[in-house]
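This briefing sets out the architecture of one chain and its contacts with a partner chain. Please consult the sequence and model shown below.

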Amino acid sequence: MSDKLEVLILDDEPIVGKRLKPALTKIGCNVEVFQDPKEALDRIDQKKFDIVVTDIRMDEIDGLQVLDRVVKKSQHTKVIMITGYAMMSVAREAMERGAFDFIAKPFTPNDLREVIDRAAKALGSDINFETTTGTKNG
Amino acid sequence: MPIIIFLSDSYEKGKEIAKKTADNLDYKYVDRDILGEIAKRHDITESKLLKALDEMPSLFGFSSKTWHQYLVYIQEGTLKELLDDKVICHGLAAHLYVLGVSHVMKVRILMDPEKMAREIASKEGISVEKAYNIVKQQKELRKKWSLSAFNIDETDLSRYDLVINLSQIDDKEAVDMIAKASTYRKFQPMTYSIRCLHDRELASRVKAVLLKRFPDVRVNATNGTVVIEIKALKREKQKKTRIIKEMVGNMAGVNYVEVHIINDMLRQAIETFR
C-alpha cells in the first residue's frame, strides 16, 4: 500500500468534515469529505479507500447501509462509525455487520486519530503516527 | 475480547462454569472474593457486603439507606475490576448495574429446579418437597431483591445475551458455547463501549465518595464530565455545590463537575410550617 492512507469522511453536518480533514491530513492521510451519502457511495464505487468514516443517522441512506456497501465492495476497507445517537443495540449491529470501530459524538479529532492509528496498524500501514501526530488536541 | 458476566440459579454451579470458562479463554475470574478488599476500603466488614448481595432491608437487618450504600460500594469495586481486559465476573450482581455496555456479554445459567431440590434435600437432610419450596422461595426472593436494588427483574431471561439450561446441556458444552459466543463481533470492545464502561466506573466511584454525606445523590458521568444531582434547600445551594466540587473535583478521571440542586420540597414544607 502507499505511504498515505486514503480516507473518506461522510457526515451530513459540514462541521464534522471541516474539523476532521485537517487533523487527519496532518498525520499523513489523503482525506475526501462528503455530506451527501449518494455522492460518497459513488466515490466509494470508483476508488478503493483504506478507511471510511461515516455518520450513522443521515437522510435517505444511513451509515449502516454505507457500511454494507463498503464491506461488500472491499474487505480491506476499515469502516469507522460515528454517531450522536449511540446505543448498545446499534453499536452491536454495526460491529456485527463489519464495522472496525464505533465512536459516540462528541469526540475530539484526537479520539478519531487514535482509532485511525489502530485501523492503519490493522491495514499494515507503515505510517508512524507517533511522530506525525503532533499536538494532542490539534 | 468481551467481559462476561454470569448469573446462575446456584452460586456454586455458576462459579464452576464461570471458572472453567475463564480457564478456557485465559480470562481473569472475579467473584465475591473481592468483597474483602472493598470492605477494607470503606471500613466495614466483608460479611455485611456479602449479606447485602443476598438480603433485603428489614426491621432487624439493614436499613434501606445502609443497604443501598453497600451496594454502591460493591458496584464501585466490581466496575474497577471490569476495566481490565478479559474478565469474567460472577456473583456480584453486575448484570444489574453494568448496563448499555456492548462488549459486556451477559450469561444466564439455568438449573433444573427438581435436581436442585434433590441436592438441597440430601445436603440439609430434609424432604425433597420442602427443598423444592426453598428453591421456589429463593427464586422469588431474587426477583424481589433485584427489583428492589436496581429496579430490574433478574429472572427476566430477555435481559441476557446467552441463556443456557444445564438440565439439557452439559458443563463442557456450556463452556464451549460461551467461549464461542465471546468471539462474536457484536460483543467485541469498541471505542464507544469502552468509554461507556469508564463512564459507569467513574460515576460509581464518585457516588461512593459522596454517598455518606449526600445519601440521595445521583451521579452521571460522560467522558470525564460528572453531573451530580442532590436535593437541598435553596439557601444551601451555594454551600453544597462548593462542598461537592471540593470532594469530587480532584478525583482521577474527573474533568468537569456540574452540580444540579433539586429543591427539597419536603424539607422546605417542614421549615415553612415550623
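F6(B) stands opposite H90(B) in β3(B). The model is predicted: local features require pLDDT of at least 70 and side-chain atom pairs count only at pLDDT 80 or more, whereas totals for chains, interfaces and linings use all residues. Residues are numbered from 1 along each chain as its sequence is written, and chains are lettered from A in the order in which they are written.

Sheet
- Strands β1 (residues 3-8) and β3 (residues 87-90) of chain B pair in the parallel sense over three bridges; pairing requires at least two bridges found by DSSP.
- Five strands of chain B make an open, parallel sheet in the order β2-β3-β1-β4-β5.
- Its edge strands, β2 (28-30) and β5 (162-165) of chain B, each pair on one side only.
- Neighbouring strands of this sheet are turned by 20° against each other on average, direction ignored.

Helices
- Chain B holds 10 helices and eight strands, taken as DSSP runs (H or I, at least four residues, for helices; E, at least two, for strands) and numbered from the N terminus.
- Helix α4 (residues 64-82) of chain B lies across β1, β2 and β3 of chain B, at about 155° to β3(B); angles run from 0 to 180 degrees between N-to-C directions of axes fitted to C-alpha atoms, for helices over the stretch in contact.

Interface
- 10 residues of chain B are in contact with 11 residues of chain A, contact being C-beta atoms, placed from the backbone, within 7 Å.

Notes
Two residues are in contact if their C-beta atoms, placed from the backbone, lie within 7 Å.
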